[in-house]
Amino acid sequence: YSAFESCTALKSIVIPNSVITIDENAFYDCDNMLTATIGNGVTSIDQKAFYSCDKLTTVNMGSDVRTIGWQAFANCINLEAITLTDNLVTLAERNSVYDNGEQFMGCTSLTDVTIGAKVAEMGSGVFLNCTALKNVTIKNGCALIGKSCFKGCTKLPAVTIPNTVEEIRDEAFSGCVALKNI
């Protein structure tokens, strides 16, 4: 818990393959971190693990990440692109009464996102207020797009909703003023 919180001198990190979990608040508020390489052994990135790492631009995610917790990368305002691994299963906090997500909420430089086929559900607010988001790829397999999932993504011009989606919750695309094609 909070292993490296507020270590403001950190510029980059490499998580070795031997690590299985990046614990809650592990790198919370590491203001000067530019890059993070997550080893292939990591299966879980817990809540707020990289919260508010203001200068973080690049995350190289290991192939075995299955779970990204609540607000894990929220407010990483310089994060530009993220490819969620094909092994990723959880973008929702299933143990929460509120089905919280918000994993990338407020990542205002995020332009490109690919969501893998094993992600069955995207929780609430996963990409809330990602105001630069322009390219979203949701692969077949997703059944639920949660409340406010893409709310406030003001530059998102189009989204292809795969035929596996069974439910789109309240305000999922609310405020997406550039959205022209669905």
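**View 1. Phe 27 is a buried residue, with a relative accessible area of 5%.** Here, buried means under 20% relative accessible area, exposed means over 50%, and partly exposed lies in between (1.4 Å probe, protein chains only). Phe 4, by contrast, is partly exposed, at 39%. Before we look further, please note that this is a predicted model, in which local features need pLDDT of at least 70 and side-chain atom pairs count only at pLDDT 80 or more, while totals for chains, interfaces and linings use all residues. Residues are numbered from 1 along each chain as its sequence is written, and side-chain values use heavy atoms, with hydrogens and water left out.

**View 2. Aromatic rings come together in pairs, eight by the rule used here.** Rings of Phe, Tyr and Trp (its six-membered ring) pair if their centres lie within 6.5 Å; planes under 30 degrees apart count as stacked, over 60 as edge-to-face and the rest as tilted. Phe 4 and Phe 27 are stacked because their ring centres are 5.2 Å apart and their planes stand at 5°. This pair joins distant parts of the chain, 23 residues apart: Phe 4 lies in the segment before β1 (12-15), and Phe 27 in the loop between β2 (21-22) and β3 (35-38). Strands are DSSP runs (E, at least two residues), numbered from the N terminus.

**View 3. Phe 150 and Phe 173 are both buried.** Their ring centres are 5.2 Å apart with planes at 5°, so this pair is stacked. Ring pairs link Phe 150 and Phe 173 into a cluster that also includes Phe 50, Phe 73, Phe 104 and Phe 127.

**View 4. The largest nonpolar core has 51 residues.** Such a core is a set of buried Ala, Val, Leu, Ile, Met, Phe, Trp, Tyr and Cys residues joined through side-chain atoms within 4.5 Å. Among the residues with the most contacts inside this core are Ile 45, Met 122 and Phe 127. Leaving aside neighbours within four places in sequence, Phe 127 is in contact (heavy atoms within 4.5 Å) with residues including Leu 110, Val 113 and Cys 149.

**View 5. Three strands form an open sheet in the order β7-β9-β11, with parallel pairing.** Two strands pair if DSSP finds at least two bridges between them. β7 (81-83) and β11 stand at the edges with a single partner strand each, so one side of each has no neighbour in the sheet. Between β7 and β9 there are three bridges, and Ala 81 has Asp 112 in β9 as its bridge partner.

How values were computed. Helix = DSSP H or I, 4+ residues; strand = E, 2+ residues; numbered from the N terminus.
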